[in-house]
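Look over the structure first, then read the points by topic.

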Amino acid sequence: MANVVYHPSVEGAQHGAKSLADFLDYAKAAGATGVQPSNYMLQDGRKFKSAQEIKDTFAQREMKLDGVSAHCPFWVHTTAWTGSPTIKPFLPPDVAAKSPTAIETWTENYLVRLMGLCAELGVKVVPMFWGVASGWELATGYPWGFWAGGDYDLIKKGQERFVEKTKRLRARANKLGIKLCHEIHPGTAAMCADDFNTLVKICDGDPCLGVNADPSHCWEGEGWETRFRKVASRVYACHVKNFVIRPGLPLRAMAPNWPDRAMQFTDLASGDLSMARYAEMLINIGYPQRYCQVMGTTTAPLIVEAESAYRDLDATSANGIGYVRDNLCFPVAAGSFEEGMGA
């Protein structure tokens with residue numbers, strides 16, 4: 001009998017106005033069989049909900065817990081040292097008013113507690129971003145010649161900073177068997193596959209360093225297939241999004257209004273990427289097998305995200321869930337099509 005290796009799922013970060021229960025009800029009504037809630041949805045004020053309460057909420061709705069999105073707090077943790085005000089939206093106001101060092105400490109302790117909760121829930125896959133450990137100069141990616149001088153080396157210092165600042169979090173993840181799945185993304189510690197592989201190298205091959213594949217962030221020269229094949233053995237998580245590049249517009253213009261930008265997220269069917277080819281490549285590089293082995297499941301999630309400059313968030317995610325269910329959760333071949341040929 002043909003085997004289906006995927007199920008439709010949705011990330012909760014963009015649906016943060018909903019409670020966990022409301023998000024699950026919405027996702028189920030839209031056709032998802034699992035969800036990836038954000039860390040904020042697991043909170044009860046300044047504390048986390050109990051693991052039993054969360055499990056009961058999922059069990060009552062017969063929904064799968066596909067991982068926990070912790071992009072925001074991880075990014076804050078590795079970016080706080082820069083003093084950038086862009087971390088403030090992701091913190092309680094009283095914490096956001098503290099010094100960069102105090103914010104880093106607070107966030108690190110928060111993430112240690114979050115990983116403990118994930119372990120109680122049986123969650124071994126945590127999609128996230130590492131922040132700008134090498135500084136904003138390198139995060140621009142601009143190839144000028146001022147990253148090293150007579151008395152400084154931003155690349156070397158950034159690598160040392162990353163190893164040191166992430167040490168406790170990586171140790172915690174390894175102890176709990178959790179994969180911290182960095183979403184290779186502009187404005188983070190690894191903006192392309194080679195950047196990520198460098199992080200693995202400087203951390204002596206740390207097994208907790210995983211990748212959250214998302215092809216919609218491959219729009220500055222490195223194609224999605226090149227990127228994810230380079231880091232193939234580290235892909236334990238994925239998002240399913242599409243995009244288009246508007247011709248003649250600069251990708252790096254300072255345009256705060258999303259509809260004015262050159263890169264636009266789209267519905268899954270009409271962007272520049274073939275989602276079917278992406279889903280097939282994920283099978284080829286072992287993502288569903290890897291996810292199922294770590295999480296103890298029989299299918300792996302294809303997780304959509306509500307990112308659109310034009311469409312309502314609920315409508316965006318519902319449209320994506322339907323597309324994944326109807327087009328990407330296909331029966332997988334058990335062998336070569338050539339085996340059925342001949343007399």
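On a 1 Å grid over the protein atoms alone, a cavity is a set of points where a 1.4 Å probe fits but cannot get out, while a pocket is an open set with protein on both sides within 12 Å along at least five of seven lines; lining residues have an atom within 4 Å of a point. Grid points are joined across faces, edges and corners, and a volume is the space filled by probe spheres set on the points. By this rule there is one cavity of 30 Å³ or more.

This is a predicted model, in which local features need pLDDT of at least 70 and side-chain atom pairs count only at pLDDT 80 or more, while totals for chains, interfaces and linings use all residues. Residues are numbered from 1 along each chain as its sequence is written, and side-chain values use heavy atoms, with hydrogens and water left out.

**The cavity**

- The largest cavity holds about 120 Å³ of space.
- Its lining has 15 residues, and Thr266, Asp267, Leu268, Glu305 and Thr316 lie nearest the centre.
- Strand 14 and helix 13 each supply at least two lining residues. Helices (H or I, at least four residues) and strands (E, at least two) are DSSP runs, numbered from the N terminus.
- Helix 13 gives the most to this lining, with three residues.
- By class, the cavity lining divides into four nonpolar, six polar and five charged residues. Here Ala, Val, Leu, Ile, Met, Phe, Trp, Tyr, Cys and Pro count as nonpolar, Asp, Glu, Lys and Arg as charged, and the others, Gly among them, as polar.

**The largest pocket**

- How much space lies in the largest pocket? The volume is about 1600 Å³.
- The largest pocket is lined by 48 residues, and His185, Pro186, Trp219, Trp258 and Arg261 are the closest to its centre.
- Helix 3 (71-79), helix 6 (136-139) and strand 14 (263-266) are the elements that give two or more residues to this lining.
- The lining of the largest pocket has 24 nonpolar, twelve polar and twelve charged residues.

**The second largest pocket**

- About 370 Å³ of space lies here.
- The lining of the second largest pocket has 20 residues, with Ser134, Leu138, Ile155, Ala189 and Asp195 nearest its centre.
- Helix 6, helix 7 (154-165) and helix 9 (193-202) each provide at least two of the lining residues.
- Twelve residues of this lining are nonpolar, seven are polar and one is charged.

**Helix 1**

- Leu20, Phe23, Leu24, Tyr26, Ala27 and Ala30 are the buried residues of helix 1 (residues 20-30). Buried means under 20% relative accessible area, exposed over 50%, partly exposed in between (1.4 Å probe, protein chains only).
- Seen down the axis of helix 1, these buried residues fall within an arc of 165°, so they line one face of the helix. The arc is that of the directions from the helix axis to the C-beta atoms.
- The buried residues of helix 1 pack against strand 2 (6-11), strand 3 (34-36), helix 2 (51-61) and helix 13 (313-328). Contact means heavy atoms within 4.5 Å.

**Helix 9**

- The buried residues of helix 9 are Ala193, Phe196, Leu199, Val200 and Ile202.
- Their cover includes helix 7, strand 10 (179-182), strand 11 (209-213) and helix 10 (224-230).

**Positive phi outside glycine**

- Asp204 has a phi near 55°, a positive value in a residue other than glycine. Asp204 is exposed, at 73% relative accessible area.
- Glu62 also has a positive phi, near 55°. Glu62 sits in the loop between helix 2 and strand 6 (64-65).
- Is Glu62 buried or exposed? At 67% relative accessibility, Glu62 counts as exposed.

**Cysteines**

- A disulfide is a pair of cysteine sulfur atoms within 2.5 Å. By this rule the model has zero disulfides.
- Cys203 is in no disulfide, and the nearest cysteine sulfur, that of Cys208, is 7.8 Å away. Cys203 counts as buried, at 7% relative accessibility.
- For Cys292, the closest cysteine sulfur is in Cys238, 11 Å away and too far for a bond. Cys292 is buried, with a relative accessible area of 14%.
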